[in-house]
Amino acid sequence: MEKRVLFRSRWLPWVLLMPQLVIIGVFFFWPASQAVLQSLQVQDAFGMSTEWVGLENFRNLLDDPTYLNSFQRTAFFSVLVAAVGIVVSLILAIFADRIVRGAMVYKTLLIVPYAVAPVIAGVLWIFMFSPSIGVVSYFLGKLGYNWNHLMSENQAMGLIVAASVWKQISYNFLFFLAGLQSIPKSLIEAASIDGAGPWRRFWNIQLPLLSPTTFFLLVINIVYAFFDTFGIIDAMTSGGPGQSTTILVYKVFLDGFKALDLGGSAAQSVVLMIIVVALTVVQFRYVEKKVQY
């Protein structure tokens with residue numbers, strides 16, 4: 001039978017929910033409502049005069065080729081960051097789960113990147129791959145590969161993808177490691193006795209049991225790629241060279257704080273919010289069906 005919590009007073013549940021409702025209202029619903037309002041207006045750079053234009057800002061976005069290119073670039077970037085980050089983290093978690101000696105040392109080292117701020121992570125990778133003083137770019141030059149992400153669009157995109165994945169690996173690693181350690185060892189031992197090899201044990205036992213964790217991390221990594229990579233991009237490439245690394249969240253910043261197009265920037269933020277919410281709903285609606293709880 002289903003267990004339900006019964007409160008003697010009607011107002012007590014609302015009192016318990018009030019702190020969270022206040023936080024959500026102040027830090028999400030209020031800014032979101034202001035963004036929607038500003039997206040329907042045109043303001044001067046100082047916000048002194050405002051003109052109601054309706055959906056004109058959204059029509060301008062559809063007619064802007066740079067915005068459409070940024071949309072495609074964001075889709076490519078988010079898929080790479082989420083896919084590579086999840087796969088690499090899962091591999092590291094599998095190896096860390098099998099280590100017997102010095103396990104805490106390896107696990108601690110793998111968790112360290114999560115404590116690094118996004119901007120600091122971007123600066124670290126810039127120093128390593130700097131065309132003039134970077135250690136990695138120096139050895140790449142010795143191998144005959146000319147590295148200069150300031151001139152190459154593909155190298156710049158690859159660099160911010162690598163830095164973003166590295167920053168998120170620790171978060172994914174923690175959840176995958178916890179998921180692996182929660183799987184009963186008796187299942188693995190029984191499969192081993194039946195003659196199943198390491199790959200078959202992973203594919204038929206461990207991976208299906210990790211599906212809830214994988215689904216959760218998929219949602220989190222998509223949101224991370226869309227929003228939390230702003231600091232990395234700003235510190236590393238500032239959207240360049242050209243606009244090759246200008247994803248949607250960074251274009252909102254450029255148009256709003258650099259070009260001072262407040263209405264257009266607000267319209268972009270509304271579109272970005274709708275995209276992320278829609279992707280999350282689609283994942284819960286269709287992808288979750290394949291999750292085995």
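This is a predicted model: local features need pLDDT of at least 70, side-chain atom pairs count only at pLDDT 80 or more; totals for chains, interfaces and linings use all residues.
Biologist: What box do the C-alpha atoms fill?

Modeller: Taken along the principal axes, the box is roughly 75 × 75 × 30 Å.

Biologist: Among contacts between residues at least 6 apart in sequence, what share joins residues at least 24 apart?

Modeller: That share is 67%.

Biologist: Let us turn to the helices. Is H12 largely enclosed or largely open?

Modeller: Helix H12 (248-258) is largely enclosed by the rest of the structure, because 8 of its 11 residues are buried. Among them are Leu248, Val249, Tyr250 and Phe253. Lys251 and Asp255 also belong to the buried residues of H12.

Biologist: Which helices do those buried residues pack against?

Modeller: They pack against H3, H10, H11 and H13.

Biologist: Where is the cis peptide bond?

Modeller: The cis bond joins Gly240 and Pro241, with omega at about -5°. Pro241 also lies in the loop between H11 and H12. Most peptide bonds are trans.

Biologist: What about Thr246: where is its place?

Modeller: Thr246 is in the loop between helix H11 (230-236) and H12. Thr246 counts as buried because its relative accessibility is 2%, and buried means under 20%.

Biologist: What does the side chain of Thr246 reach?

Modeller: The Thr246 side chain reaches the backbone oxygen of Gly239 at 2.9 Å. Not counting residues up to four places away in sequence, Thr246 touches Ser70, Arg73, Gly239, Lys251 and Leu254.

Biologist: Changing topic, how much space lies in the largest pocket?

Modeller: About 570 Å³ of space lies there. The lining has 20 residues, and Pro31, Ala35, Phe227, Ser269 and Met273 lie nearest the centre of the pocket.

Biologist: Which helix gives the most to that lining?

Modeller: H13 gives the most, with 9 residues. Helix H1 (11-39), H12 and helix H13 (262-285) each supply at least two residues of the lining.

Biologist: How do the lining residues divide into nonpolar, polar and charged?

Modeller: The lining has 15 nonpolar residues, 5 polar ones and no charged ones.

Biologist: Moving on to H9, what span should it have?

Modeller: Helix H9 covers residues 198-209, and at 1.5 Å a residue its 12 residues should span 16 Å. The end C-alpha atoms of H9 are 15 Å apart, which agrees.

Biologist: Which residues of H9 are buried, and what do they pack against?

Modeller: Arg201, Phe202, Ile205, Gln206 and Pro208 are buried in H9. The buried residues of H9 pack against helix H3 (65-98), helix H7 (153-182), helix H8 (185-193) and helix H10 (211-228).

Biologist: Where is His149 found?

Modeller: His149 is in the loop between helix H6 (135-142) and H7. His149 is buried, with a relative accessible area of 3%.

Biologist: What is His149 in contact with?

Modeller: Leaving aside neighbours within four places in sequence, the contacts of His149 include Ile126, Phe129, Leu159 and Pro241. Pro241 is the residue joined to Gly240 by the cis peptide bond.

Biologist: Finally, how many residues apart in sequence are Val84 and Ala162, and how far apart in space?

Modeller: Val84 and Ala162 are 78 residues apart in sequence and 8.9 Å apart in space, C-alpha to C-alpha. Val84 lies in helix H3 and is partly exposed, with a relative accessible area of 34%.

Key
Residues are numbered from 1 along each chain as its sequence is written. Side-chain values use heavy atoms; hydrogens and water are left out. Helices (H or I, at least four residues) and strands (E, at least two) are DSSP runs, numbered from the N terminus. The expected span of a helix is 1.5 Å times one less than its number of residues. Buried means under 20% relative accessible area, exposed over 50%, partly exposed in between (1.4 Å probe, protein chains only). Contact means heavy atoms within 4.5 Å. On a 1 Å grid over the protein atoms alone, a cavity is a set of points where a 1.4 Å probe fits but cannot get out, and a pocket is an open set with protein on both sides within 12 Å along at least five of seven lines; lining residues have an atom within 4 Å of a point. Grid points are joined across faces, edges and corners, and a volume is the space filled by probe spheres set on the points. Ala, Val, Leu, Ile, Met, Phe, Trp, Tyr, Cys and Pro count as nonpolar, Asp, Glu, Lys and Arg as charged, and the others, Gly among them, as polar. A polar contact is a pair of N or O atoms within 3.5 Å; within protein, one must be able to donate a hydrogen and the other to accept it, and residues adjacent in sequence count only if both atoms are side-chain atoms.
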